[in-house]
Amino acid sequence: MTTSQAEAPDVSGLSIGILGGTGDQGKGLARRLALAGHPVIIGSRSADRARQAAESLGDGLNARGEENSVVAREADIVIVAVPWDGHKSLLESLRDDLAGKIVVDCVNPLGFDKQGAYALPVEEGSAAQQAAAVLTGSTVVAAFHHVSAVLLLDPEVDKVDLDVLVLGDDRAATGTVQALAGRIAGVRGVYGGRLRNAHQVEALTANLISVNRRYKTHAGVRVTGI
């Protein structure tokens with residue numbers, strides 16, 4: 001069962017950091033969470049690039065840009081939206097700064113060739129499990145893998161029609177992230193199992209990319225019956 005509105009923790013006052021917030025996915029999540037009223041800190045290796053990304057979200061939003069290390073230290077919850085090839089090294093560099101925090105990993109380890117997208121093998125099992133192996137002092141949750149950056153950034157889209165599958169081994173942390181997902185208009189956070197099941201959720205992104213290419217859309221996932 002998902003966390004109902006009656007049971008959901010109040011996450012409205014939490015600040016959200018986005019590592020990799022200058023990319024479309026990170027910037028889109030930053031925009032929607034800022035629209036929901038959260039203070040958002042966009043992170044990048046370059047503070048200037050981070051500030052430019054924050055400014056691009058528009059006036060009236062509580063968003064600012066900082067270096068990744070500042071984001072890791074100052075945000076209440078940190079979302080990892082970096083490219084897969086820089087995932088492990090970045091988290092290793094921020095291990096101490098992220099200690100004690102909920103870290104939400106939305107990275108999809110994918111490869112691309114002339115046949116399209118495909119899932120890459122990960123030694124630890126998944127990007128989220130790799131994050132957990134590196135960030136032993138943090139609570140890692142997997143979520144936000146299938147949210148279209150195009151829809152997140154589109155000012156004409158009022159509501160994003162999809163469920164966010166949330167996976168993790170700490171029930172309080174997954175409940176918090178489910179509630180955070182629900183702060184985005186149209187989105188529902190759905191518990192999707194333990195962190196060991198993150199691989200197939202990350203890999204499903206390759207299937208959605210194929211759907212999008214064939215049908216020229218920005219498909220998401222809805223879970224029925226709950």
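This is a predicted model: local features need pLDDT of at least 70, side-chain atom pairs count only at pLDDT 80 or more; totals for chains, interfaces and linings use all residues.
Let me start at a residue on the outside: Lys216 is exposed, with a relative accessible area of 74%, where exposed means over 50%, buried means under 20%, and partly exposed lies in between, using a 1.4 Å probe and protein chains only. Lys216 lies in the segment after helix H8 (198-215), and although Lys216 is not a glycine, it has a positive phi of about 50°.

Residues are numbered from 1 along each chain as its sequence is written, and side-chain values use heavy atoms, with hydrogens and water left out.

Most residues other than glycine have a negative phi. Phe144 also has a positive phi, of about 70°, although it is not a glycine. Is Phe144 buried or exposed? Phe144 counts as buried, because its relative accessibility is 1%. Phe144 is found in the loop between strand E8 (139-142) and helix H6 (149-153); helices (H or I, at least four residues) and strands (E, at least two) are DSSP runs, numbered from the N terminus.

What does Phe144 touch? Leaving aside residues up to four places away in sequence, its contacts include Leu29, Ile79, Val104, Val164 and Ile184, where contact means heavy atoms within 4.5 Å.

Phe144 also belongs to the largest nonpolar core, which has 36 residues, and Phe144, Val40 and Ile79 are those with the most contacts inside it. A nonpolar core is a set of buried Ala, Val, Leu, Ile, Met, Phe, Trp, Tyr and Cys residues joined through side-chain atoms within 4.5 Å. Among the elements that give two or more residues to this core are helix H1 (24-35), strand E2 (40-44) and strand E4 (77-80). A second, separate core has 27 residues, including Val78, Ala128, Val140 and Leu195. In soluble globular proteins, nonpolar side chains tend to be buried together.

Turning to the whole chain, we find 8 helices and 10 strands. The radius of gyration, taken over C-alpha atoms, is 16 Å, close to the 17 Å that the globule rule (2.2 Å times the number of residues to the power 0.38) gives for 226 residues, so the chain is as compact as a globular protein of that length. Of these 226 residues, 52% count as buried. Finally, among contacts between residues at least 6 apart in sequence, 72% join residues at least 24 apart.
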